[in-house]
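These are my notes from one sitting with one model.

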Amino acid sequence: MAETREPVLQIEDLSVAYVTNTGLVHAVSDVNLTVHRGEIVGLVGESGSGKSTMAYTIMRLLRGDAVVTKGRVRVLGQDVYALSEKELRAFRWSKMSMVFQSAMSALNPVMTVETQIVDTILAHRPDLSRQAARERAKELLDLVRIDRKHLQSYPHELSGGMRQRVVIAIAIALNPALVIMDEPTTALDVVVQRSILDEIRRIQEQVGFAILFVSHDFSLVAELASRVAIMYAGRIVELTPSHLLNLSERHHPYTEGLLKAIPQLTADEVTIQGIGGYPPDLQDLPPGCAFHPRCPYAMDVCRRVRPAQVRAGEKVLECHLFNEAEVKAHV
Ligand SMILES: Nc1ncnc2c1ncn2[C@@H]1O[C@H](COP(=O)(O)OP(=O)(O)OP(=O)(O)O)[C@@H](O)[C@H]1O
Ligand SMILES: [Mg+2]
């Protein structure tokens with residue numbers, strides 16, 4: 001199904017912190033992101049950059065030690081945090097759903113595939129009959145291309161790839177407009193990973209939901225998504241159409257570093273260049289741009305002033321290199 005410009009997910013100025021006994025961990029800071037109907041948007045960043053925190057925040061599944069300190073999340077125009085608990089239960093899964101990072105443990109080992117699918121459907125749509133939910137379970141297995149005989153299987157009787165298909169079937173059971181996929185293929189070997197990705201793309205085209213696809217695998221995300229958000233230390237430092245993700249384009253220095261870290265096959269050798277240094281402590285972020293200690297282009301202003309969001313062609317970036325006016329104002 002084609003993308004439209006109708007927003008399905010709108011994240012506005014979102015900041016989220018974990019309360020710990022040594023202080024606040026600023027896991028997500030000032031994030032703005034819109035995902036449109038039928039669109040696939042990728043979210044990439046190193047481990048600990050805040051990707052899962054953002055996913056849980058959208059689903060309003062944060063645990064007690066996390067607080068949304070600022071901003072708003074709207075799904076289909078509805079402020080997710082303005083819903084009552086009861087409304088939220090109906091909203092979740094029927095409007096937005098999630099494939100969790102630890103998909104293998106998302107399934108209950110002592111329940112058959114059918115029971116898990118049927119129970120999920122009935123938990124969010126108590127108005128449906130068990131018979132109708134059973135019929136839907138069959139359709140869903142067809143959709144993810146698992147033989148219907150596996151409705152009576154237990155998770156341990158399925159391969160990793162099949163379990164992942166079941167998890168995806170459960171996520172799309174109620175036809176949500178938005179599915180958040182948090183590293184849905186990380187636990188699988190590359191061949192199975194590839195087939196699950198093809199499956200996701202095929203089902204998405206058929207059914208038409210939007211996907212926020214979270215991964216640390218840059219090339220995988222660039223291939224699947226039409227736009228990619230690059231996260232560093234809780235901030236989206238660049239948002240770019242994926243067709244511009246190559247080294248002949250100018251990018252945020254962090255994006256450039258990630259691109260250079262993808263193995264480049266040249267005539268007779270494989271070259272990989274990593275990014276030096278480590279991500280910052282989210283309890284004690286450096287002043288100015290959080291990337292400056294690792295940035296090969298860091299200027300004086302980068303150490304003092306946090307870069308504002310700027311638009312450069314089709315990209316949105318937070319980097320002084322793209323905003324001469326701001327840099328001049330702070331010299
Ligand atoms: N319950 C918690 N209490 C304190 N800090 C937390 C908690 N959960 C996560 N964090 C911290 O918040 C930051 C963001 O974590 P998050 O899990 O969102 O990152 P991620 O990008 O999903 O990483 P990964 O790629 O490893 O899954 C990390 O620094 C993490 O240590
Ligand atoms: Mg994560």
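**Entry 1: Met181**

I began with Met181, which counts as buried because its relative accessibility is 0%; buried means under 20% relative accessible area, exposed over 50% and partly exposed in between, with a 1.4 Å probe and protein chains only. Met181 sits in strand 7, residues 178-182. Helices (H or I, at least four residues) and strands (E, at least two) are DSSP runs numbered from the N terminus. I also took the C-alpha separation of Met181 and Pro109: 21 Å, with the two 72 residues apart along the chain.

**Basis**

This is a predicted model, in which local features need pLDDT of at least 70 and side-chain atom pairs count only at pLDDT 80 or more, while totals for chains, interfaces and linings use all residues. Residues are numbered from 1 along each chain as written, chains are lettered from A and ligands numbered from 1 in the order written, and side-chain values use heavy atoms, with hydrogens and water left out.

**Entry 2: core**

I next looked up the largest nonpolar core and found 92 residues. Such a core is a set of buried Ala, Val, Leu, Ile, Met, Phe, Trp, Tyr and Cys residues joined through side-chain atoms within 4.5 Å. Leu33, Met54 and Phe213 have the most contacts inside this core. Helix 5 (residues 160-171) gives the most to it, 6 residues. Domain 1 (7-232) and domain 2 (250-329) each contribute at least three residues to this core; the bounds come from an automatic or database domain assignment.

**Entry 3: helix 8**

In helix 8 (residues 253-261), I noted that 7 of the 9 residues are buried. Among them are Pro253, Glu256 and Leu259.

**Entry 4: ligand 1**

Which residues come nearest to ligand 1? Of the 16 around it, they are Ser47, Gly48, Lys51, Thr53 and Asp65; near means a heavy atom within 4 Å. By class, I noted 4 nonpolar, 8 polar and 4 charged residues in the shell around ligand 1. Helix 1 supplies the largest share of this shell, 3 residues.

I then listed N or O pairs within 3.5 Å. A side-chain N or O atom of Lys51 is 2.8 Å from an oxygen atom of ligand 1. A polar backbone atom of Ser52 is 2.9 Å from an oxygen atom of ligand 1. A nitrogen atom of ligand 1 lies 2.8 Å from a polar side-chain atom of Asp65. Ligand 1 taken alone exposes 640 Å², of which the protein buries 70%; the areas come from the Shrake-Rupley method with a 1.4 Å probe.

Definitions and conventions
Polar contact = N/O pair within 3.5 Å; in protein donor to acceptor, adjacent residues only side chain to side chain. Nonpolar A, V, L, I, M, F, W, Y, C, P; charged D, E, K, R; others polar.
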